[in-house]
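Biologist: Please show me the model. I would like to ask on what grounds its parts are described as they are.

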Amino acid sequence: MRVISWLAAISALVVLGLATGGEISAAERVSFSKDIQPIFESTCWKCHGEALQLSQLDLRTRESALKGGQRGPALVPGSADQSRIYRLVAGLEKPSMPMDGTKLTPEQISAIKDWINAGAPWDPSAGGASSSAPAVFAETPIPEQARRYWAFQKPARRSVPIARDPRNKAHPVDAFLVQAMEQQGLEPAPEADPRTLVRRAYLDLTGLLPTPAETAAYLKDQSPNRWDELIDHLLGSPHYGERWGRHLLDVARYADSNGFEHDFDRPDAWRYRDYVIRAFNQDKPFNVFLEEQIAGDELDRVTKESLIATAFLRCHAKVGFREKDNPQYRYDYLDDMIATVGRGILGLTIQCARCHDHKFDPITQQDYYRLQASLFGYVEVEHPLTSTKESEAYNKKIVNIEQRLKPLKGELKQLERPYRDRLLPEKYKEFPENVQIAIRTPEAQRTPGQALLAAQVIRTTDVSSKEIERLMTPSDFARKRQLHEAIRRLEQEKPPPISVAMGITDGDYRFAPDGPGDEPEPGKGVKREAIEGTFLHQGPGRYQAPPSYFLIRGDYQSRGPQMRPGFPAVLTYGNPPVEIPGADGHTSGRRRALAEWLTSTDNPLTARVIVNRIWNHHFGRGIVATLDNFGKMGEKPTHPELLDWLAVDFMRHGWSIKYLHRLLMSSAAYQRASRYENAADLAKDPEDIYLWRFRIQRLDAEIVRDVILAASGALNTEMFGPPVFPKLQPEVLHAMTKGIWNQEQDGPKVWRRSVYVYRKRGLPFPLFEVFDLPDQNLTCSRRNVSTVPTQALTLLNDDFVLRQAQLFADRVREAAPSDATEQVRLAYGISLSRPPTAEESRLAMEFLRKQKLVDLTHVLLNLNEFVYMR
Amino acid sequence: MRSLRSRRDFLFQAGGGLSGLALAWLLDQQGLLAADRAPASGACAANRSGPTPFTAKQTHFTPRATSVISLFMSGGVSHVDTFDPKPQLARYAGQPLTGKGEVIVRQGNPGPLMPSPFSFRKYGQSGMDIAEIFPQLAQHADDLALLRSAYGQSNDHVQAHYLLATGTVRMGFPSVGSWITYGLGTENQNLPAFVVIYDARGGPFGGPANWSAGFMPAAYQGTVFRASDNPIIDLKPPASVTLEEQRARLDLLAKLNELDLQKYPSSSELAARISSYELAYRMQGCAPEAVDVSRETEPTRKLYGLDNSTTEPFGRQCLMARRLVERGVRFVQVYHGGLGNQNTDTWDAHDDVKKNHTTHAAEVDRPIAGLLTDLKARGLFDSTLVVWHCEFGRMPISQRGVGRDHNPGAMSMWMAGARIKGGQAIGSSDEFGYKAEQQPVSVHDLHATILHLLGMDHTRLTYLYNGRQMRLTDVYGDPVPQITRS
């Protein structure tokens with residue numbers, strides 16, 4: 001067989017014009033030390049040299065190359081075409097080498113070919129071997145100047161500039177902004193009118209509309225503090241957490257299902273979503289918020305909340321099927337965690353260093369695998385949310401019932417066995433002749449092929465309970481029924497499941513309980529390397545995280561040295577601990593150390609990144625526009641001193657997000673008009689990066705739906721709990737493959753805020769998707785805003801929108817039954833927080849002479865003004 | 001007509017971006033009334049009005065084709081039973097597969113080598129070997145550039161679908177159609193640039209993530225078309241709203257938005273949103289027309305097999321695809337095989353490869369042959385790239401003596417149209433079809449080739465995300481050179 005493929009290879013090479021011949025003279029000139037060794041040194045020996053012999057292949061000597069590695073000889077002197085070295089570097093066979101995706105030059109490839117064809121003479125230069133080739137995992141020291149990059153320096157406490165115009169002295173944020181504007185020669189817009197401001201504050205902080213009464217009350221309020229009081233009021237609203245929690249759920253790539261083929265439901269994911277909403281409403285200090293999410297199971301004070309918070313590290317998309325046969329999946333999940341911690345918390349694309357050192361930022365592959373080691377002990381668990389006593393009692397009951405079920409199930413099996421044995425041969429007759437012969441042949445006499453066939457069929461053929469029942473004697477049948485009934489009754493005795501939180505802790509993933517599809521194949525995947533161990537450490541002694549390694553080119557099978565936990569060197573000041581073990585010894589304390597490093601005031605990025613995110617959501621653009629990339633490929637900060645000042649100020653104020661909202665919203669910058677045309681400003685700064693006017697912002701997808709519900713008056717303000725499944729059109733459900741969508745009727749029960757709508761990875765909610773819902777599988781940097789006809793079609797024709805338009809009309813008619821002018825005024829007040837202008841009023845009145853009120857309310861829900869914050 | 005005229009007069013007076021709305025309505029009416037008019041003219045003809053995310057863009061070099069019809073056989077076609085004959089399977093039938101390293105199967109344990117239940121014949125001047133279950137498609141052998149050495153990365157349906165759709169087995173990345181519409185825009189803004197037509201039995205493995213825009217703006221995601229007069233979700237108002245009412249609403253909306261725009265004259269975002277309503281309105285008229293196969297002549301309908309219940313569903317999908325391409329749609333993704341019942345409704349032939357592939361080949365053979373013939377007859381063959389592929393090949397060894405398991409190691413695909421060189425088989429798998437052997441073609445190579453044929457260098461089509469210039473082909477891929485060699 002080997003000969004056949006070999007001949008085929010040769011003939012194809014001739015066709016491709018790659019075969020050689022008559023080039024001996026060229027080949028003779030090739031010298032190993034001069035022509036080949038430099039190539040080996042810069043490429044091959046990194047992985048097949050002194051420090052490392054991947055695939056057990058050592059290319060340091062001619063002898064070892066001839067011997068070859070796992071995949072056979074690497075070198076056949078005299079025949080490049082048969083030599084794997086040549087075939088792989090020439091791309092004639094996979095995997096192409098070198099493995100980093102680079103290619104040797106045509107000259108280098110041709111030199112190797114000539115050298116092999118010339119008999120592969122081996123005359124290593126003095127020093128020889130690969131002593132000069134550093135191993136691929138050798139750490140490149142980070143140059144000292146790398147740390148001088150602004151984002152890797154700890155934020156400095158800057159002094160607030162003194163503006164020339166004394167009016168701007170009052171507010172530190174304005175002082176920085178006005179200084180920049182003065183330098184650019186920009187003339188800022190005046191303050192927005194109070195109606196605009198009250199709507200802006202509501203949309204921004206709660207994602208809902210002010211009612212006409214709330215708007216009126218604000219306008220009537222003569223207090224000089226009315227703005228501050230309004231902000232305090234809105235920050236105290238439970239709707240605040242529903243809006244701002246959602247921003248952080250984007251970062252956490254939160255969803256209620258697994259994704260991938262089965263898209264399994266995550267029945268307890270919502271507890272994490274509620275945790276995030278509550279954290280915002282309680283103004284949980286942001287450092288504590290992060291610590292709970294990274295290491296909620298390792299803190300000094302572990303609470304139910306902190307255990308729920310650890311779901312942050314489980315929010316990635318997950319195959320959830322045959323995990324143990326596919327060990328590479330886990331490395332992808334770890335990569336997702338590193339990407340989310342990196343981009344989401346640190347604003348750095350650390351995951352770029354999975355396969356090689358980062359191309360642009362001073363992040364090494366070592367940094368990556370240190371961070372991976374910090375997380376590597378994680379295992380998925382469902383933390384009981386009941387008291388220990390209750391959960392123990394629950395487990396006891398379940399174990400007891402299982403024990404009582406065992407003999408019943410055993411008897412049932414015995415009872416069925418003779419029937420099964422009679423039926424199976426009949427089943428085999430459905431297979432082709434060769435299968436039947438294979439099964440009939442006694443096991444010892446089967447050919448290897450027959451053995452395979454027989455094993456396949458015998459293992460997978462079964463008879464159904466119905467088929468057995470048809471053959472059963474009346475007494476056996478009666479007994480079977482009795483047993484079934486007894487089993488059913490016992491199953492019913494099982495207590496309802498206790499509440500659990502989807503979370504993580506430390507353990508040994510290799511001994512995790514089998515998930516779906518994990519059962520059948522012993523000796524495969526992670527089970528192959530399973531030695532003695534337990535899933536969760538119970539003592540004695542301290543927990544040890546399973547070993548993790550530097551992975552060459554990110555390939556989980558190409559292990560370099562074992563890694564210790566740690567943090568990206570360029571971001572680390574001093575010598576922070578990399579493990580802070582807890583008293584019980586059940587976890588390693590590595591994640592706790594990571595959490596403390598992330599939230600340390602010495603960390604140059606965490607505070608800057610969150611301050612910048614909050615800024616972005618208020619102003620529509622971050623001081624660093626790339627919210628998740630403060631590295632070299634990210635945008636430069638427009639106001640670097642201000643960013644530093646804010647970061648330091650934020651940390652000094654206890655990492656309080658609400659403090660930050662008050663600070664930013666009390667600035668003149670936040671209160672400027674968006675409606676302001678200034679040709680000179682526009683010419684100098686068309687993007688408005690200096691904030692000379694307030695930037696109008698299209699509402700996020702969820703908020704589009706929420707304000708429609710607010711306008712119609714149908715919003716169900718119930719908070720928290722399991723998600724809702726608003727009705728989807730059957731055509732949409734048709735595209736869904738697996739997982740759940742518990743189609744509910746359109747009505748008040750599902751007219752909850754959008755943050756409570758089920759997030760299905762395999763089927764994004766269409767109304768959200770069309771309005772730029774970020775992909776639910778990756779941590780989101782900044783949402784896209786696109787304007788496309790399908791958005792218009794949705795707002796024009798979707799059943800939900802039309803029904804809400806009708807409810808909106810009903811609401812208006814009820815309040816002003818017979819007065820069309822009043823109806824128009826009210827409809828404007830509800831949806832746009834302002835009365836109509838004379839022209840608008842005239843157009844609307846004229847319209848209503850022929851059209852129904854719902855026609856008008858539907859138009860209002862479609863207006864540009866309705867879906868923009870201004 | 002009177003009301004229309006006065007409306008148009010008003011809109012013309014209102015000026016600017018608004019005139020299009022009224023004009024579109026009038027033209028739509030005329031276009032729709034003149035049912036059998038050539039589709040390239042009339043109201044739904046190419047509309048390049050921009051700028052929007054879809055404004056037609058420059059290619060890197062002269063393209064060979066301007067649009068793509070991608071025919072995806074969901075479930076995994078057995079290459080050794082269709083386009084890649086392996087006589088050695090008969091010779092070694094019943095013996096274990098050895099000498100190839102660990103034999104990795106998706107389900108259970110490996111079986112012995114199994115010959116194809118189908119016979120192969122040579123077709124065309126090129127003498128291409130094709131199995132008997134594709135008698136009509138085989139007549140186009142000289143049009144096909146067959147890739148016999150393609151390979152994937154995953155033996156799981158969904159990850160393998162994502163790999164073909166996006167270039168990675170992970171979720172969250174833009175699909176090929178998204179990249180192409182991002183790179184090229186569209187020739188006709190009255191229709192979506194990237195259209196998906198999936199099997200009436202259900203969506204493909206992995207569902208809508210297959211046509212997701214991933215980290216790109218949602219504008220670039222695929223729009224699902226169904227074979228009805230309401231092909232797009234929410235295209236038309238429900239019965240409770242008459243067209244007259246809708247028109248009245250749109251008129252008022254346009255007027256009020258126009259008044260508002262006067263307050264924000266420098267906002268292109270708000271102006272774009274106004275024109276998106278105009279486009280939506282045109283789409284309401286143009287999309288149903290675009291997929292209305294009843295407008296086709298009887299011979300054309302027959303050509304695609306619409307006269308036969310076996311071939312009708314996929315024939316309809318193919319005919320819709322041709323109509324869309326004819327109207328300037330950039331990328332049409334057609335799926336055969338849907339997750340109603342995985343074993344019977346897709347090519348996933350674990351149970352019985354003969355039965356499964358006989359059924360499914362019969363469903364697609366005539367429609368695909370008809371599509372190729374029709375594209376030629378209409379002069380669209382050279383400007384349209386047709387790609388036929390699936391998520392993985394199948395095992396040369398048997399599953400329970402009759403079925404075949406998944407095999408990402410080797411699969412067959414083909415391309416046609418786009419002025420490629422037909423009648424050639426490129427690369428080969430090993431003697432059993434277990435692994436790609438000569439000139440292995442990765443999915444990145446496939447994607448690079450598709451982009452190349454559309455005039456785009458896959459290393460230059462980039463999208464800045466995550467601090468990196470992302471590519472459909474990541475850091476890999478080379479166009480298959482023989483595809484264009486003449």
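What follows is a set of questions and answers on the terms used for this predicted model.

Biologist: What makes L646(A) buried?

Modeller: The cut-off for a buried residue is 20 or more other C-beta atoms within 10 Å of its own. L646(A) has 26 other C-beta atoms within 10 Å, so it counts as buried. The residue is found in helix α25 of chain A, which covers residues 640-652.

Biologist: How far apart are L646(A) and K304(A), in sequence and in space?

Modeller: They are 342 residues apart in sequence, and their C-alpha atoms are 32 Å apart in space. The cut-off for a contact is 7 Å between C-beta atoms.

Biologist: What is the rest of chain A like?

Modeller: Of its 870 residues, 45% count as buried. The secondary structure of chain A comes to 35 helices and 6 strands. Its C-alpha atoms fill a box of roughly 95 × 90 × 60 Å along the principal axes. Among contacts in chain A between residues at least 6 apart in sequence, 70% join residues at least 24 apart.

Biologist: Which domains are assigned in chain B?

Modeller: The assignment gives domain 1 as 1-34 + 230-235 + 242-290, and domain 2 as 51-227 + 298-483. Taken over C-alpha atoms, the centres of domain 1 and domain 2 of chain B are separated by 39 Å. 9 residues of domain 1 of chain B are in contact with 10 residues of domain 2 of chain B. On the domain 1 side of chain B, the residues that touch domain 2 divide into 8 nonpolar, no polar and 1 charged.

Biologist: How confident is the predictor in chain B?

Modeller: Chain B averages a pLDDT of 87, and 89% of the residues score at least 70. Over residues 1-41 of chain B the pLDDT is below 50, although this stretch has 47 contacts in the model beyond near neighbours in sequence.

Biologist: What makes β6 and β12 of chain B edge strands?

Modeller: The open sheet has 8 strands in the order β6-β5-β7-β1-β8-β11-β4-β12 (chain B), with mixed pairing. Strands β6 (223-224) and β12 (424-426) of chain B each pair on one side only, and these are the edge strands.

Biologist: How do you know that β8(B) pairs with β1 and β11 of chain B?

Modeller: Pairing needs at least two bridges between the strands. Strand β1 (residues 67-73) of chain B is joined to β8(B) by 7 bridges and the two run parallel, whereas 4 bridges join β8 (residues 384-390) to β11 (residues 411-417) of chain B, which run antiparallel. Both counts therefore meet the cut-off. L71(B) has W388(B) as its bridge partner in β8(B). V387(B) has M415(B) as its bridge partner in β11(B), and V386(B) stands opposite A416(B) in that strand.

Biologist: Why is β8(B) called largely enclosed?

Modeller: 6 of the 7 residues of β8(B) are buried, so the rest of the structure largely encloses this strand.

Biologist: And what makes helix α4 of chain B largely enclosed?

Modeller: In α4 (residues 157-166) of chain B, 10 of the 10 residues are buried, so that helix is largely enclosed too. The buried residues include H157(B), Q159(B), Y162(B) and T166(B). Their cover includes α5 (176-184), β8 and α12 (443-453) of chain B. Just after α4(B), G167(B) takes a positive phi of about 90°.

Terms used. Residues are numbered from 1 along each chain as its sequence is written. Chains are lettered from A and ligands numbered from 1 in the order in which they are written. This is a predicted model: local features need pLDDT of at least 70, side-chain atom pairs count only at pLDDT 80 or more; totals for chains, interfaces and linings use all residues. Domain bounds come from an automatic or database domain assignment. Two residues are in contact if their C-beta atoms, placed from the backbone, lie within 7 Å. Ala, Val, Leu, Ile, Met, Phe, Trp, Tyr, Cys and Pro count as nonpolar, Asp, Glu, Lys and Arg as charged, and the others, Gly among them, as polar. A residue is buried if 20 or more other C-beta atoms lie within 10 Å of its own, exposed if 12 or fewer, and partly exposed in between; C-beta atoms are placed from the backbone. pLDDT is the predictor's confidence in each residue, from 0 to 100.
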